[in-house]
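These notes are for a colleague opening this structure for the first time. They go point by point and can be read beside the model.

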Amino acid sequence: MKRVLTYLGLAGVIVFCLAPFYWMVVSAFRRPKDQFDSTPWPSPWSTENLRAVFDPDNMFVRALLNSLFVAGMTTLLTLTIAVFTAYTLARLDFRFKNAVLGLVVATSMFPGISQVVPLLKLFIDIDWINTYQAMIVPSLGFALPLAVWNLTVFFRQLPFELEQAAMTDGCSRGQAFRKIIIPLAAPGVFTTAILVFFMAWNEFIIAFSMVNEKSMQTATVAIAKFTGMRGFDQPFGTQMAAAVVVTVPLVVVVLIFQRRIVSGLTAGGVK
Amino acid sequence: MAIPIPPVNTPAKPARKGQDAKSTRRFALLLLSPTFLVLALVVGYPVLAGIRQSLYAQAEGLDADGFVIEGERFVGLENYTALFTGERGSAFWNAFFNTTFFTATAVVLETIIGVILALIMHQALRGRGLVRASILVPWAVPTAMSGLLWRWIFQPDGVANAILNQEILWTADGWQSKLAVIIAEVWKTSPFIGLLALAGLQMIPQDVYEAAKVDGASPWQQFRRITLPLIKPALAVAVLFRMLDTLRMFDLPFVLIGGNKDSVETLSMLAWDEANNLRYGVATAYATILFLYIALLAYAFIKIAGADVIGEARARKASVKKGAAA
């Protein structure tokens with residue numbers, strides 16, 4: 001009896017999590033004229049919506065590349081800076097260490113809007129509107145605290161005795177860091193990179209505010225702004241198909257790296 | 001970034017203790033400075049610039065000679081005092097109420113559903129991998145995309161009305177739009193709380209429950225007296241982060257319902273709208289108030305719930321071990 005209840009509960013969890021996502025996929029593969037059908041699967045299947053997504057008018061390929069570049073650069077820059085900070089916080093002993101960590105974490109509670117408005121004004125003045133840097137630089141504000149925090153937790157768990165041993169054997173601190181710590185820390189760095197990339201890929205308010213030229217839009221903004229072919233109808237079929245294109249790679253990455261991601265999330269506690 | 005690397009094979013000099021601490025401190029400062037620099041530029045500067053900006057207003061009207069006045073003029077706290085009167089005031093308090101209401105209801109629901117998800121997952125002997133994979137899906141869907149997805153579901157002739165056999169105009173305005181936002185928000189984020197609660201559950205040794213059973217504790221008592229207190233630290237941090245995130249909510253209501261809708265306009269959306277109309281002074285005043293409100297609530301929550309946010313990174317041994325969730 002208890003087993004049955006547990007399995008029912010599990011089925012409930014799966015339905016709760018996947019049903020809306022399933023609906024997105026199903027809607028994407030309907031024919032546009034079947035759009036408002038509510039059959040549980042498309043009949044017949046159609047890739048018409050998918051082809052509409054890649055209509056040259058939408059510049060969707062460009063938007064995907066923009067997203068990839070912005071999220072990739074944000075991740076790269078964030079990790080490069082955060083690795084050194086996290087190593088310092090996890091490894092070295094100095095005064096105000098916890099205060100520094102607290103300060104970095106506190107910046108993550110900062111609402112995006114109070115960053116966006118002054119930066120928007122600044123970027124208009126220095127002609128940064130419609131540039132990649134206008135999206136990448138502000139993104140560091142939320143990505144860096146997350147990365148520092150996650151990496152610090154990961155680095156704490158590393159066997160630093162090995163580093164001591166290497167230094168006793170004549171390695172300098174820098175060498176010990178490069179040859180012992182970096183290879184051991186790679187999994188944690190990788191997990192953090194996935195989380196940062198996700199956040200940067202999903203970012204909306206910055207990309208939405210700093211760019212008004214179609215060719216510079218990121219994918220999430222571009223999809224939200226898709227317009228219908230005729231009249232004021234919101235082209236939901238096309239939008240669902242585009243959402244599938246943006247989301248499915250993320251879901252695949254999540255499924256492949258689920259253990260890492262879960263450990264990263266629970267270590268960091270930051271979305 | 002370069003770390004000074006001395007030549008190889010230099011025999012370590014026996015350094016005095018004070019000197020050692022000093023060099024460590026300098027090394028630490030060197031390694032920390034890029035993060036400080038970046039955060040000061042992309043977070044510190046906007047805060048200060050925003051506070052300054054909130055004391056100015058866009059100049060309006062004509063001067064004595066009949067020319068249009070351009071630029072900005074200093075108005076002191078006028079952008080703030082204006083919140084207590086007139087149309088601007090009612091828009092602000094409406095957004096303030098919406099922000100608070102969304103945060104309170106969504107976070108409470110997320111926490112309850114998240115804990116239930118975690119309890120179910122914890123019971124499962126088989127199929128845990130599958131459940132954990134599916135629970136990560138809502139988390140992986142970008143917020144703007146989930147806004148669109150739910151907008152589609154909540155269309156007048158969409159699937160929500162088909163299932164409920166109703167004709168509710170979910171995305172128009174009014175209470176149903178609030179409900180739509182809350183449903184979408186809870187769907188997307190309760191898995192996150194579920195994962196953190198599960199990590200907490202897996203830390204609890206089984207023999208505690210055995211002992212409770214021997215003493216005749218009912219399942220509810222076990223949950224109240226053992227499970228809840230023991231997962232509270234993990235849960236408190238998760239709830240805090242969800243709270244901070246919901247308070248600054250922007251993209252979900254913006255995509256799901258749209259801008260300029262009274263029923264779902266949050267403070268972030270209102271500030272964004274003002275900035276979009278080039279009223280930077282008002283926009284930054286709203287953003288500053290939101291920032292202070294968030295800081296106040298975070299402080300209160302940490303004091304009341306005792307959420308030790310940096311505890312895990314501060315402690316030598318992490319309390320939630322890496323392997324716990326695996």
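1. In this predicted model, helix α3 of chain B passes helix α9 of chain B in a right-handed crossing. Helix α3 covers residues 86-123 and helix α9 covers residues 219-247. Their axes lie 9 Å apart and meet at an angle of about 150°. Angles over 145 degrees count as roughly antiparallel, and α3(B) and α9(B) are therefore roughly antiparallel to each other.

2. Which residues make the contact between α3(B) and α9(B)? From α3(B) come Thr99(B), Phe102(B), Thr103(B), Ala106(B), Val107(B), Glu110(B) and Thr111(B). From α9(B) come Val239(B), Arg242(B), Met243(B), Thr246(B) and Leu247(B). Sorted by class, the contact holds 6 nonpolar, 4 polar and 2 charged residues.

3. A helix pair in chain A can be read in the same way. Helix α4 (residues 97-106) of chain A packs against helix α6 (residues 133-156) of chain A at an angle of about 135°, and the two axes are 8 Å apart. Because of that angle, α4(A) is oblique to α6(A). The crossing of α4(A) and α6(A) is left-handed.

4. On the α4(A) side, the contact with α6(A) is made by Leu101(A), Val104(A) and Val105(A). On the α6(A) side, the residues are Pro145(A), Val148(A), Trp149(A) and Thr152(A). The classes here are 6 nonpolar, 1 polar and no charged.

5. Next, the overall make-up of chain B. Chain B contains 13 helices and 2 strands. Of its 326 residues, 41% are buried. Taking the contacts in chain B between residues at least 6 apart in sequence, 67% join residues at least 24 apart.

6. Chain B is divided into domain 1, residues 21-53, and domain 2, residues 88-325. The centres of these two domains of chain B, taken over C-alpha atoms, are separated by 31 Å.

7. Chain A is likewise divided into domain 1 (1-46) and domain 2 (57-268). Between the C-alpha centres of these two domains of chain A there are 31 Å.

8. Chain B gives 88 residues to the contact and chain A gives 86 residues. Which element gives the most to the side of chain B that touches chain A? That element is helix α1 (residues 17-53) of chain B, with 17 residues. By class, this side of chain B has 67 nonpolar, 12 polar and 9 charged residues.

9. Tyr45(B) is a residue of helix α1 of chain B. Is Tyr45(B) buried or partly exposed? Tyr45(B) is partly exposed, because 15 other C-beta atoms lie within 10 Å, whereas a buried residue would need 20 or more. Asn130(A) has phi near 65°, a positive value in a residue other than glycine. Asn130(A) sits in the loop between α5 (112-125) and α6 of chain A. With 16 C-beta neighbours inside 10 Å, Asn130(A) counts as partly exposed.

10. Asn165(B) also has a positive phi in a residue other than glycine, with a value near 55°. Its place is the loop between α6 (159-164) and α7 (175-201) of chain B. Asn165(B) is exposed, because 6 other C-beta atoms lie within 10 Å and the limit for exposed is 12 or fewer.

11. Last, a residue of chain A. Gln164(A) belongs to helix α7 (residues 161-168) of chain A. Gln164(A) has 12 other C-beta atoms within 10 Å and is therefore exposed. Gln164(A) and Ile180(A) are 16 residues apart along the chain, and 10.0 Å separate their C-alpha atoms.

Conventions:
Residues are numbered from 1 along each chain as its sequence is written. Chains are lettered from A and ligands numbered from 1 in the order in which they are written. This is a predicted model: local features need pLDDT of at least 70, side-chain atom pairs count only at pLDDT 80 or more; totals for chains, interfaces and linings use all residues. Axes are lines fitted to C-alpha atoms, for helices over the stretch in contact, and angles run from 0 to 180 degrees between N-to-C directions. Helices (H or I, at least four residues) and strands (E, at least two) are DSSP runs, numbered from the N terminus. Angles under 35 degrees count as roughly parallel, over 145 as roughly antiparallel, 65 to 115 as roughly perpendicular and the rest as oblique. A crossing is left-handed if the near helix is turned anticlockwise from the far one by less than a right angle, and right-handed if clockwise. Two residues are in contact if their C-beta atoms, placed from the backbone, lie within 7 Å. Ala, Val, Leu, Ile, Met, Phe, Trp, Tyr, Cys and Pro count as nonpolar, Asp, Glu, Lys and Arg as charged, and the others, Gly among them, as polar. Domain bounds come from an automatic or database domain assignment.
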